[in-house]
Amino acid sequence: MEVLKNYQWPGNIRELQNMMERLLTLEDGDTLSITSLPDYIINPSQSSGKETKAAFAELIENLPIQMMEDYEKMIYTHVVQFYPSFNQIAQALGVTHKTVAAKVRKYHLTSLVGKKYQHH
């Protein structure tokens, strides 16, 4: 707890929530220990912003494929509801129309496209 209190949390509560979700998902047992935490949190004075970003990138790269797909599906399931077209969804997500079309098909989200869209 002391280590968690001493870390500055530049990403605020979201960073803490995301890290805890990842740790709980990746940890085998029922208990988290200090060794479960990323090094940049255990030794914040020894790491620079670049090292923190590198550690985060490494953590993301090491997530199991299924977990990445689950996150991706959650994102698409939420976002597609607020835009009436694949082009607008693609623009909002910073991806191509082709990518959106493939993901909507992959996750069977066609019926959700534009469901919460409102003209202003």
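Tutor: A residue counts as buried under 20% relative accessible area, as exposed over 50% and as partly exposed in between (1.4 Å probe, protein chains only). The model is predicted, so local features need pLDDT of at least 70 and side-chain atom pairs pLDDT 80 or more, whereas totals for chains, interfaces and linings use all residues. Side-chain values use heavy atoms, without hydrogens or water, and residues are numbered from 1 along each chain as its sequence is written.

Student: How many helices and how many strands are there in the chain?
Tutor: Helices (H or I, at least four residues) and strands (E, at least two) are DSSP runs, numbered from the N terminus. Read from that terminus, the elements run α-α-α-α-α-α-α. The count is seven helices and zero strands.

Student: What percentage of the residues of the chain count as buried?
Tutor: The chain has 120 residues. The share of them that counts as buried is 23%.

Student: Which residues in α7 are buried?
Tutor: Helix α7 comprises residues 97-106. The cover over its buried residues includes α5 and α6. The buried residues in α7 are Val100, Ala101, Lys103 and Val104.

Student: At roughly what angle do the axes of α6 and α7 cross?
Tutor: Axes are lines fitted to C-alpha atoms, for helices over the stretch in contact, with angles from 0 to 180 degrees between N-to-C directions. The axes of α6 (residues 86-93) and α7 come within 8 Å. These helices are therefore roughly perpendicular, a class that spans 65 to 115 degrees. The crossing angle is roughly 105 degrees.

Student: How many charged residues does the contact of α5 with α7 have?
Tutor: These two helices pack at about 105 degrees, with axes 10 Å apart. Glu69, Glu72 and Tyr76 in α5 meet Thr99, Val100, Lys103 and Lys106 in α7. Asp, Glu, Lys and Arg count as charged; Ala, Val, Leu, Ile, Met, Phe, Trp, Tyr, Cys and Pro as nonpolar; and the others, Gly among them, as polar. Alongside two nonpolar residues and one polar residue, the number of charged residues is four.

Student: Why does Val80 count as buried?
Tutor: Val80 is located in the loop between α5 and α6. Beyond its neighbours within four places in sequence, Val80 is in contact with Ile89, Val104, Leu109, Leu112, Val113 and Gly114. Val80 counts as buried because its relative accessibility is 0%.

Student: What distance separates the C-alpha atoms of Val80 and Val100?
Tutor: Val80 and Val100 both belong to the largest nonpolar core. Along the chain they are 20 residues apart. Their C-alpha atoms are separated by 9.0 Å.

Terms used: Parallel < 35°, antiparallel > 145°, perpendicular 65-115°, else oblique. Core = buried A, V, L, I, M, F, W, Y, C linked by side-chain atoms within 4.5 Å. Contact = heavy atoms within 4.5 Å.
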